[in-house]
Each structure stands twice: as structure tokens, then as C-alpha cells.
Amino acid sequence: MKDLKELLKEKYTDLAKQADLINPSSCCGGGTCSNTAALLNKGKDKNEADSGIKINFKKGNPIQYTPIQSGEVVVDLGSAMGHDCFIARNKVGDSGLVIGLDITEAMIKVANNSCDKHGFQNVQFRLGDIENMPIASQKADVVISDNTFRMLPDKKRGVSEIYRILKSKGRFCISDIFWKGTYSESALKAAEEWVGDMSESIPKDLFLSMLQMQGFSNIQVMSEEEIIIPDEVLLDFMSDSELVAFNKSNSGIFLVTIYGDKPDCGQCSSCTCM
Ligand SMILES: C[S@@+](CC[C@H](N)C(=O)[O-])C[C@H]1O[C@@H](n2cnc3c(N)ncnc32)[C@H](O)[C@@H]1O
């Protein structure tokens, strides 16, 4: 059987190719694409920008919650067609650097094409796995990631990689879908149907504890919004009585944006990040 990463690569390769075919001149693919100029000038509607991907929720916006200064190095994990990288580029200016990392070669290709078209010298797209990033230690001032982290089979490893590539006093902001409360196999299947890529999703509290254990400080939930799975979708996977229990349980899926700092390494004697 193919492993999850292979399946994800196939899915996102198809989406990248579709988007490129529908609108090869677009930065993010698809007929509804906001082009790079529009993104740079006006911000964005990511739900539109990532056309081709069926999503039943408003996506996150980690950049909104992360101060990014001119000249800084920003790394975007799961950069897809480069949408957030181009926004970040606008903030770091000519003297900064933006690195987008994605596991799907076709996504890297589409992102690189947009980058070439606009002549950005300081935006790079690298093929690689978040669990084993091809990025030097202490390279980044800021790490962002949207709508990707839940797909990682080994989130602890992903978290430790973020810690490794961040400079002392660097910061991260991650948006993704997390569970609250307990959930069953049938609820997981319904969530998979409604929002996709949920097989490795975990409870928010578990993720927060991973961040804490890693040594991040000032961890804050910046926003949190429930994604309602309609009853008719839940009923495709569970009985009437299970549905009643699920709706009473206060369990559910939430789009959560989490911010954190890497401590000042010079101040910490037992630090393993250097
Ligand atoms: C839903 S898209 C997110 C796109 C973008 N961040 C956004 O919010 O518009 C998820 C992306 O994550 C990538 N991805 C999934 N698992 C990954 C991993 N382990 N390492 C790097 N990229 C990964 C996929 O190839 C895909 O391009």
C-alpha cells in the first residue's frame, strides 16, 4: 500500500497540474486566481487563490499574526503554489529572503514559474519534507505554515525541525485544523470528507503540548473558529444515535492559528538548538 506522503504527492501533483492548465499564467493556478500583482497590492482571498482544491472552510492566515520586518528570512512550510511566499516577499522587501518548502515537485514547479515571471530574486522554492527540512540550522527569523501541518505523520519531528531552523528569538505561526474533545473513527471519516487531508489530524491540546515540550515560549492561540460538519455529511458515516452523541459531546474540528517564540539561545544553558 502507498504511504500517506506518496498519496499526498499524487493529489497535490494533480492539483498543481490542473491549476497550471486552467490558467498557466496564474501565480496560484485556476481560473479564479488572484494574480501575483493583485496579491502583492491587495492581500488576498486564499480560498479563491487555491482554486482546484475543494475546501469547505475559510483558510488560515498566519502572516496576519506574525510581525515580519524588512530584511528578514521567512520560511513557509507547505508553500504549494507560493501564495503566502509572495505576500511575505512584499514584507521582507529586496533585502530579505523567502523560502517556500513543499514535498510536491509539481507545486514547486508552478511556484518557480510564477517567481521567474515576476523576476523575484529573493524568493526560493525548495523541494523537501517538513520532517527533514533541506534548510540550514538557525536560518529563519520567521516560520509560517498554513493548512499543511495536520498532514504530517510525525508532528513532533516537524516541530523540532522548526526549532532547529529558527534563529535565536525567531518566531513561528501555524494555522491548521485541529480536533477538540474526543472523536471516533466515523467522525474522522466525516471530517476527511468535509475538509480533506485529516487522517493524521490531532487534538489542539496535544499539538500545544508538543510545542511546549520542544521549548518554544510565548505560545498563544491567536484565533480559533469551529468548522461545522453538516449533519447530512456526518450521517454518511455514523448512525442517528451516534450523531446525537457527537453533537452533544462538544467535540469538533477547529481552524486554529498558533503563534510562538524561540527563546533567546544566549540565555539558556541547556539549549540544544545551537
Ligand atoms: C493545502 S496545501 C497548502 C497550501 C498553502 N500553504 C496555503 O495555505 O495556501 C498543502 C501543501 O502541503 C504540501 N505538503 C504536505 N505534506 C508535506 C510535507 N511533509 N512536507 C512538505 N510539504 C508538504 C503539499 O504538497 C501541498 O502543496
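1. The ligand is surrounded by 22 residues, of which the closest are G78, A80, I103, T104 and D146; a residue counts as near when its C-beta atom, placed from the backbone, lies within 6 Å. By class, this shell holds 9 nonpolar, 5 polar and 8 charged residues. Here Ala, Val, Leu, Ile, Met, Phe, Trp, Tyr, Cys and Pro are nonpolar, Asp, Glu, Lys and Arg are charged, and the others, Gly among them, are polar. At least two residues of the shell come from each of α1 (4-22), α4 (83-92) and β2 (97-102).

2. The model is predicted: local features need pLDDT of at least 70 and side-chain atom pairs count only at pLDDT 80 or more, while totals for chains, interfaces and linings use all residues. Residue numbers start from 1 along each chain as its sequence is written.

3. The protein has 10 helices and 7 strands, taken as DSSP runs (H or I, at least four residues, for helices; E, at least two, for strands) and numbered from the N terminus. Of its 274 residues, 44% count as buried. Buried means 20 or more other C-beta atoms within 10 Å of the residue's own, exposed 12 or fewer, and partly exposed in between, with C-beta atoms placed from the backbone. Among contacts between residues at least 6 apart in sequence, 74% join residues at least 24 apart; a contact requires C-beta atoms, placed from the backbone, within 7 Å.

4. An open sheet is formed by 7 strands in the order β3-β2-β1-β4-β5-β7-β6, with mixed pairing. The edge strands β3 and β6 each pair on one side only. From one strand to the next the twist averages 15 degrees. Pairing requires at least two DSSP bridges between two strands. β5 and β7 run antiparallel and are joined by 10 bridges; F178 stands opposite F254 in β7.

5. Helix α8 (residues 204-214) has K204, F207 and L211 as its buried residues. Seen down the helix axis, the buried residues of α8 fall within an arc of 65 degrees, so they line one face; the arc is that of the directions from the axis to the C-beta atoms. D205, L206, S209 and M213 are exposed on the other side of α8.

6. The buried residues of α8 pack against α6 (155-165), β5 (166-180), β6 (217-227) and β7 (252-261). α8 lies across β5, β6 and β7, and runs at about 165 degrees to β5. Axes are lines fitted to C-alpha atoms, for helices over the stretch in contact, and angles run from 0 to 180 degrees between N-to-C directions. After α8 comes G215, with a positive phi near 115 degrees.

7. Two residues deserve a look for their backbone. Most residues other than glycine have a negative phi. Q138, not a glycine, has a positive phi of about 55 degrees, and its place is in the loop between β3 (123-127) and β4 (140-146). Q138 is partly exposed, with 18 other C-beta atoms within 10 Å. D197 also is not a glycine, and its phi is positive, near 55 degrees. D197 is in the loop between α7 (185-195) and α8 and is buried, with 20 other C-beta atoms within 10 Å.

8. A187, in helix α7, is buried, with 24 C-beta neighbours inside 10 Å. Apart from neighbours within four places in sequence, A187 is in contact with F246 and S251. The C-alpha atoms of A187 and L235 are separated by 9.6 Å, and the two residues are 48 apart along the chain.

Terms used:
Contact = placed C-beta atoms within 7 Å.
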